[in-house]
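Have a look at it first.

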Amino acid sequence: MAFAADRININTADASTLRQGLANVGPMRAEAIVAYRRQHGPFEHVEDLARVKGIGTATVERNRQRMTTGARQAPVEAPPRRAAPASVPRR
């Protein structure tokens, strides 16, 4: 299994890196990915790569473990606890 550090960041990789690191992505598809990214901004999810002309869901699935968008999810924090009401002394 590949670690995140070994993955290709599809938001920062140049066409050469995309071509060499992803299966079924040749020079034209790699250039299309870079051009799409320039025009539409960064990909939020690796699935968004299927929006690029010439890249289908099969290519995304085949390369899923090789790609990252560089976005890391923030750790989920527990909701803040409500403070217990202070006891009021009875008179």
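A salt bridge here is a side-chain nitrogen of Lys or Arg within 4 Å of a carboxyl oxygen of Asp or Glu. This is a predicted model, where local features need pLDDT of at least 70 and side-chain atom pairs count only at pLDDT 80 or more, while totals for chains, interfaces and linings use all residues. Residues are numbered from 1 along each chain as its sequence is written, and side-chain values use heavy atoms, with hydrogens and water left out.

Q: How many salt bridges does a search of the whole structure find?
A: The search turns up three salt bridges.

Q: What makes Arg-64 and Glu-47 a salt bridge?
A: Their side chains meet at 2.6 Å, N to O. The cut-off is 4 Å, so the pair counts.

Q: Why does this pair tie together parts that are apart in sequence?
A: Arg-64 sits in the loop between helix H3 (57–63) and strand S2 (67–68), and Glu-47 in the loop between H2 and H3, so the parts being tied are 17 residues apart in sequence. Helices (H or I, at least four residues) and strands (E, at least two) are DSSP runs, numbered from the N terminus.

Q: Why is Arg-64 called partly exposed?
A: Buried means under 20% relative accessible area, exposed over 50%, and partly exposed in between (1.4 Å probe, protein chains only). Arg-64 has 23%, so it is partly exposed. Glu-47, at 40%, gets the label partly exposed too.

Q: What makes Glu-61 part of a network?
A: Glu-61 forms a salt bridge with Arg-64, with the closest N and O atoms 2.5 Å apart. Glu-47, Glu-61 and Arg-64 are linked in a network of salt bridges. As for Glu-47 and Glu-61, they are 14 residues apart in sequence and 8.3 Å apart in space, C-alpha to C-alpha.

Q: How do you know whether Asp-48 and Arg-51 are buried or exposed?
A: Check the percentages: Asp-48 has 13%, so it is buried, and Arg-51 has 58%, so it is exposed. These two form a salt bridge, with the closest N and O atoms 3.7 Å apart.

Q: What makes a set of residues a nonpolar core?
A: They must be buried Ala, Val, Leu, Ile, Met, Phe, Trp, Tyr and Cys residues joined through side-chain atoms within 4.5 Å. The largest one here has 18 residues, and Leu-18, Ile-33 and Leu-49 have the most contacts inside it. H2 gives the largest share, four residues.

Q: Why is the pair of Tyr-36 and Phe-43 called stacked?
A: Rings of Phe, Tyr and Trp (its six-membered ring) pair if their centres lie within 6.5 Å; planes under 30 degrees apart count as stacked, over 60 as edge-to-face and the rest as tilted. Tyr-36 and Phe-43 are 5.6 Å centre to centre with 10 degrees between the planes, so they are a stacked pair. Tyr-36 is buried at 17%, and Phe-43 is buried at 5%.
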